[in-house]
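The following exercises concern one protein chain. Work through each task with the sequence and coordinates at hand, then compare with the solution.

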Amino acid sequence: MKVITVGRLKGNDVVIDNDDRVSRHHLQIVQMDDGTFHLIDFGSTNGTYINGNRVQGEVVLDEGDFVRIGDTMLPWTTYFEPGFVSQAQVGVEETASVTKDSKDSKDSKVESPVAESQSSASNPFAILGFIFAFILSPLGLVFSILGLLKGKKNGKLKGLAVAGLIISIVALTVLTIVVYIVYFAASMY
């Protein structure tokens, strides 16, 4: 049986000190002798989520399950691979706590899997949404302009082309602002 503890305080096997929504002693994952994995939430304030569903107490994990605590996705299966070094088992100077700075540090003496904070910049659905929106909005803009140029003097058809033009311009402006916030402003923190 192997036990991995996860939390914000040093002394846990996996320390996540860059996410305020993670409790000091948040959870533990136990690999039983029969090979099954059990997650035990220690009554954390902000909860533990498996595949997007909040869980309490003890639950059985499957290897494909996604575990999130606070804003952090846990690569929990890597904690049970050969070569994983528990942060609680090494000296304080050697502890590679899970922070944005220590992830990139070349001085870290401990190579352990790092739980990463999930941002919308790494969400494939958000990225695909922006790509499709940037493709469709310019197409709407082009067709609206063509409608204005080739359209008859009919007021209704011309009005529809103008409405499409305005909607496309507003959509492009909003998307530009959202992309700036998601990719550039979020990376500053």
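Predicted model: local features only at pLDDT ≥ 70, side-chain atom pairs only at ≥ 80, totals over all residues.

**Exercise 1.** Determine the order of the secondary structure elements from the N terminus on.

*Solution.* Begin with the totals: the protein chain has three helices and ten strands. Here helices (H or I, at least four residues) and strands (E, at least two) are DSSP runs, numbered from the N terminus. Their order is β-β-β-β-β-β-β-β-β-α-β-α-α.

**Exercise 2.** Classify the ring pair of phenylalanine 37 and tryptophan 76, and locate both residues.

*Solution.* The structure holds two aromatic pairs. In the pair of phenylalanine 37 and tryptophan 76, the ring centres are 5.1 Å apart and the planes stand at 75 degrees, so the pair is edge-to-face. The criterion for rings of Phe, Tyr and Trp (its six-membered ring) is that centres lie within 6.5 Å; planes under 30 degrees apart count as stacked, over 60 as edge-to-face and the rest as tilted. Next, place the residues: phenylalanine 37 belongs to strand β4 (residues 37-41) and tryptophan 76 to the loop between β9 (72-74) and α1 (100-104), so the pair ties together parts 39 residues apart in sequence. Both phenylalanine 37 and tryptophan 76 are buried (under 20% relative accessible area; exposed is over 50%, partly exposed in between; 1.4 Å probe, protein chains only). Finally, Phe37, Trp76 and Phe80 form one aromatic cluster.

**Exercise 3.** Which residues outside its sequence neighbourhood does leucine 165 touch?

*Solution.* Leucine 165 is located in helix α3 (residues 155-185). Leaving aside residues up to four places away in sequence, leucine 165 touches Leu141, Ser144, Ile145 and Leu148, where contact means heavy atoms within 4.5 Å. As for phenylalanine 143, 22 residues from leucine 165 along the chain, the two C-alpha atoms are separated by 8.4 Å.

**Exercise 4.** Is leucine 136 buried or exposed?

*Solution.* Leucine 136, part of helix α2 (residues 124-150), has a relative accessible area of 55% and is therefore exposed.

How values were computed:
Residues numbered from 1 in each chain as written. Heavy atoms only, no water.
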